[in-house]
Amino acid sequence: MFQALFLKNQQFRTIAVSRAFQAFGATLFTYAFLVYAAELPHAKLAVSVISVVLALPSMLQFFFGAIAGRVTQRIQWILTTRLIEIAGYVVIAVVFATTTPGWLPLLIILPFLVLSDVISNVAGLVLQPLIKHLVVDEHLEAANGYMMAINNILAMVGGVIGVSLLALVHHNFTIFALLNGGFFLLSWVNLFIGRRQLLVTDRQFSDLVKPADTHLRAMMVAGFAVVKQDAMMVYIISMAGLVNLLGNAAQGLLQLSVLANKQMWHGGYGTTLALIDAGIGVGIVAGSSLFNGYLHKIKLPSLVNVVLMMMVINALAVLFLPRFGLLIVINFLLGFAMGKLNPKYGALVTRIVPEEHLTTVSGLLGTFEMIGVPLGQVVFLGIANIFSTTIAWYGIVGLGVILIGYSVKMMRRTATIN
């Protein structure tokens with residue numbers, strides 16, 4: 001499958017590599033920005049604000065999907081928006097260069113990061129139907145798995161390299177922002193070089209598949225109709241949303257727990273976060289790349305339960321055994337289960353949704369998957385800031401146990417889902 005997708009399918013390879021450079025650049029700056037926030041007065045609140053604000057675009061996936069469905073010149077759109085992202089990081093570098101460290105530059109830079117996230121989300125949706133057109137059905141799960149593996153490898157390496165580069169430039173965030181923009185430039189260059197065949201394919205695809213209606217409201221209504229008529233889609237939406245709520249709230253709490261407990265540090269604050277995330281990244285890469293074994297054969301609802309159980313175990317470890325090495329192992333196992341779950345989920349959606357509704361429905365699913373993320377972060381990070389991080393972690397454990405019970409109940413109703 002690797003040979004068919006990457007060695008023989010030049011267009012898929014171009015898209016995958018371009019997206020990977022974008023993921024790498026985004027990861028570089030995310031860790032650097034957390035280090036910046038950790039050095040400010042009221043660091044706990046600053047880290048919490050970054051976590052919550054960067055989660056907000058995830059609520060608009062349905063709107064992004066409807067917008068993506070109206071894009072006709074997909075490759076040209078990606079090339080143009082990538083230049084906008086590069087310009088954004090130049091602006092961020094100027095902000096760092098002309099201001100003193102504090103809350104003001106943090107609040108100025110955050111909107112640019114949100115804009116970059118919005119562009120990235122829409123870009124993924126814009127390319128999704130084109131990828132379906134480029135990859136045969138029997139390779140879709142593998143294509144999703146390999147793209148996830150590549151993105152996570154570079155994102156994982158990006159975290160470690162990011163904090164290392166930041167130390168090498170003596171926490172000069174101006175230089176770092178420009179370096180980060182350079183990786184977005186590499187993403188643009190890669191796509192620009194391979195654009196000719198992609199432009200031809202894009203035109204052919206646009207001629208074959210037209211949106212049922214170009215009006216945004218009509219596209220949204222059509223997307224709802226596609227989802228409502230399929231029991232599998234209803235199950236996927238409900239569980240994906242709840243799992244993401246729990247996982248992203250836990251991720252935000254982990255950032256605060258590491259910040260408050262220097263005994264957990266391995267190097268510095270940013271390095272510790274990067275290495276723990278690298279553990280989950282390695283797990284995702286391993287899970288999404290290896291297409292044999294027990295976890296590959298079990299059904300999607302069972303994989304959901306495995307992921308939930310690992311999240312609960314992770315929370316208990318932070319509460320009772322906050323050891324760096326143990327957290328690495330637990331997050332690796334969590335990532336491995338996620339690496340099995342996500343490609344199966346993505347392939348299922350891509351396979352059962354008609355091409356003319358794929359971008360809209362994908363955006364709808366993304367909205368319901370992520371709509372609880374800001375709420376979960378506001379609630380649990382709010383508890384951590386007002387009361388204590390420990391109380392918030394107990395809340396994560398309790399919610400996780402409830403979700404496992406709910407998932408088991410839903411499994412019995414959707415026993416045919418695989």
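Me: Why is Asn248 called buried?

Reply: This is a predicted model, and the values are computed from it. The relative accessible area of Asn248 is 18%. Buried means under 20%, so Asn248 is buried. Asn248 belongs to helix α11, which spans residues 231–260.

Me: What makes the pair formed by the side chain of Asn248 and the backbone oxygen of Asn244 a polar contact?

Reply: A polar atom of the Asn248 side chain lies 2.9 Å from the backbone oxygen of Asn244. A polar contact requires a pair of N or O atoms within 3.5 Å, one able to donate a hydrogen and the other to accept it. The distance of 2.9 Å is within that limit, and the pair therefore counts as a polar contact.

Me: Why is α2 described as roughly parallel to α5?

Reply: The axes of helix α2 (residues 10–38) and helix α5 (residues 74–98) cross at roughly 20° and come within 13 Å. Angles under 35 degrees count as roughly parallel, which means that α2 is roughly parallel to α5. The crossing in which α2 passes α5 is left-handed.

Me: Which residues make the contact of α2 with α5, and how do they divide by class?

Reply: From α2 come Ser18, Gln22, Phe29, Phe33 and Tyr36, and from α5 come Arg82, Glu85, Tyr89, Ile92 and Phe96. By class, six residues of this contact are nonpolar, two are polar and two are charged. Phe, Tyr and Ile count as nonpolar, and Glu and Arg as charged.

Me: Why is His42 called exposed, whereas His171 is called partly exposed?

Reply: Exposed means over 50% relative accessible area, and partly exposed lies between that value and 20%. His42 has 63%, so His42 is exposed. His171 has 34%, so His171 counts as partly exposed. His42 lies in the loop between α2 and α3, while His171 is in the loop between α7 and α8.

Me: What makes the phi of His42 and of His171 worth a remark?

Reply: Most residues other than glycine have a negative phi. Phi of His42 is near 55°, a positive value in a residue other than glycine. Phi of His171 is likewise positive, near 55°.

Me: Which residues is Pro322 in contact with, its neighbours within four places in sequence left aside?

Reply: Pro322, in the loop between α14 and α15, is in contact with Asn261, Met264 and Ala317. Its C-alpha atom is separated by 9.1 Å from that of Ser257, 65 residues apart along the chain.

Methods:
Residues are numbered from 1 along each chain as its sequence is written. This is a predicted model: local features need pLDDT of at least 70, side-chain atom pairs count only at pLDDT 80 or more; totals for chains, interfaces and linings use all residues. Side-chain values use heavy atoms; hydrogens and water are left out. Helices (H or I, at least four residues) and strands (E, at least two) are DSSP runs, numbered from the N terminus. Buried means under 20% relative accessible area, exposed over 50%, partly exposed in between (1.4 Å probe, protein chains only). Axes are lines fitted to C-alpha atoms, for helices over the stretch in contact, and angles run from 0 to 180 degrees between N-to-C directions. Angles under 35 degrees count as roughly parallel, over 145 as roughly antiparallel, 65 to 115 as roughly perpendicular and the rest as oblique. A crossing is left-handed if the near helix is turned anticlockwise from the far one by less than a right angle, and right-handed if clockwise. Contact means heavy atoms within 4.5 Å.
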